[in-house]
Amino acid sequence: MTANQNLGHTLDGSEVDRRKTYLGVLALEVLVIAALWALGRYFGSL
Amino acid sequence: MRLLDWAVIVFYLVWIVYDGLRRTKAANEVEGYFLANRSLPWWAAGLSVMATQMSAITLVGTTGQAYADGMRFVQFYFGLPIAMVILSLTIVPFFYRAHVYTAYEYLERRFDSRTRMLASLLFLASRSMSCGVIIAAPALILSIVLGWNLQLTVLAIGVPTAVYTMFGGVQAVAWTDVKQMAVVVSGVLAAVIALILGLPHDVSVGEALHVAGAVGRLRTIDFSFDLTQQYTFWSGTIAGLFLMLSYFGCDQSQVQRYLTAKSVDQARSSLMVSAYVKIPLQALILMMGVLVFVFYLFTAPPMLFRPDYNAKVAASPRAGEFAQLDQQFRADFEHRRQAAHAMAEAQRGGNEQLLASTRATFVDAEARVKATRTKAGAIVKDVTGDAKFNDVNYVFPTFVTTQLPMGLVGLIIAAIFAAAMSASAGEMNALATSTVIDVYRRHVRKTAPDAHYLLVSKLATGFWGLVACVVAIYATSLGSLIEVVNRFGSFFYGSLLGVFVLAIGVKRATSRGAFWGLIAGMSVVAWFAFNTSVAFLWHNLIGVTVVVVVGMLLSLTERRQAPAA
């Protein structure tokens, strides 16, 4: 039994894809913010 | 401006109007005119969402902001991707399956016609003014920098937009948005390439960015928690989240974009375009501003970037003092140019001690340039009476028109036009939808043939186009009006989101709670705006909280009173 079945429903393919997309969006945001922070640090902000 | 530049601008305008007008056939019934018969692919709806959100001020103003202050503004958008995920899971399937034309239509189904009417009237009042401002702001800047007639510039942006939106409906808006986004991105990329190529041959991009970084231009993330600071990591992520939820979830000009998608999944995907692209694109636009700053380290800029005010001061009794400051500024610039070169050279050499000393010299030279500009600004304020004088919005257009080669000037001015037209077209279309669906069809003529509503819809679009142009012409002569319009928008946004939270998330919420909650939310936000220095992004969070708390309390009281009655 999967974790999703434990929640009382089974995820279909599109639902799984959608969740991957949302996780991808959030992961990209974290990466972009980290990159912007690193940019400021590397180029010597005061 | 040379002939080729004019040709590029005229070609752009003709192309966009032609492309919009050829969608007229698809807009032969109300559902086609307002919702494109729910036929658009996710990427077109997604680009339309982005184009509606990005006005010319985003392009021109934030570039100037990065020039003067660095890239901190990007934090404003940190809540956007999270908001898009939340909306995709909640409001998008909700509205799509409810088969509504407007977000406010749902409020009547859930509460009553009074709450729907209040929300739609607030939207109409706020957006009709802001639509004018969206046209006015770039028209004013372009007319000053290029010496164009202001009224004609307003009409050159507003009239073609109103014409294709009026005849082609939402299809015209969405498909021209796609092209306009392409023009904007092309313009930004072309400007970035030109800026990189414009660096002195002995200074690399990396060295130039180190020089800009020394005076904080690449300081992007600010983790301090200060409610009075406009752009911090926390204000962008937490308070910005509520602004984005409200704007993309409750503002008809955005809701209408994704209601045109083919399916719920495509509507959700359309929001993901902004979720993925908005922050990197905004960072690129801000980087363009930093590169303009770097460019003007090695090429002499004007002391102040507002030619009309410079001319006024030159004709005033303080002209001599201003000319002396200008001479001082030239000397300060030359000192800073040499310091920037020395720092770039030290960066290349890798000698830490030399780098530290050249960096200190450069920071000092930049402070001197800034001090001279401040003194000049004080003279401008005194002579013109413009106490809020700030020339950041004029930096990028001045750079474009004085430094870029023929053809590229036309492309970037076309990109500024494109940003203004795409944002205002979406708003005219949404204003007409709310007028016809929430007001006319609901309160004036409840039953009529589809052709009648289609005709009224086109007339309503034309009317709002006309209003936008009139507001734009007056807004340019009333500087404070722009601020009033922006403030009014911020009173409205968080509170409206609160009403939708009550509608969708609180089963016990009643119509009385929602209506008075909305009024209470707006009043409290107005009080905060006028009496405290809390940054405006937080007003959205305050608005949502007040509406939800007041709405719930009133709803609970009503439920307790009901059995007794």
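1. What percentage of the 46 residues of chain A count as buried? The value is 24%, where buried means under 20% relative accessible area with a 1.4 Å probe, protein chains only. This is a predicted model, in which local features need pLDDT of at least 70 and side-chain atom pairs count only at pLDDT 80 or more, while totals for chains, interfaces and linings use all residues. Residues are numbered from 1 along each chain as written, chains are lettered from A in the order written, and side-chain values use heavy atoms, without hydrogens or water.

2. Chain A has 2 helices and 0 strands, both being DSSP runs (helices H or I, at least four residues; strands E, at least two). Chain A exposes about 3200 Å², and 64% of that comes from carbon and sulfur atoms.

3. Now the interface. In all, 20 residues of chain A are in contact with 30 residues of chain B (heavy atoms within 4.5 Å). The two chains bury about 2100 Å² between them, that is, accessible area (1.4 Å probe) lost on being put together, summed over both. Carbon and sulfur atoms carry 73% of this buried area.

4. The rule finds 1 salt bridge across the interface of chain A and chain B (a side-chain nitrogen of Lys or Arg within 4 Å of a carboxyl oxygen of Asp or Glu). A:Arg18 and B:Asp265 meet in a salt bridge at 2.7 Å, N to O.

5. Finally, B:Cys250 is found in helix H11 (residues 233–250) of chain B. B:Cys250 is buried, with a relative accessible area of 0%, and touches residues including B:Tyr104, B:Leu245 and B:Phe500.

Terms used:
Buried < 20%, exposed > 50% of the residue type's maximum accessible area, 1.4 Å probe, protein only. Areas by Shrake-Rupley, 256 points an atom, 1.4 Å probe, with all protein chains shown as cover. Lists of a residue's contacts leave out its neighbours within four places in sequence.
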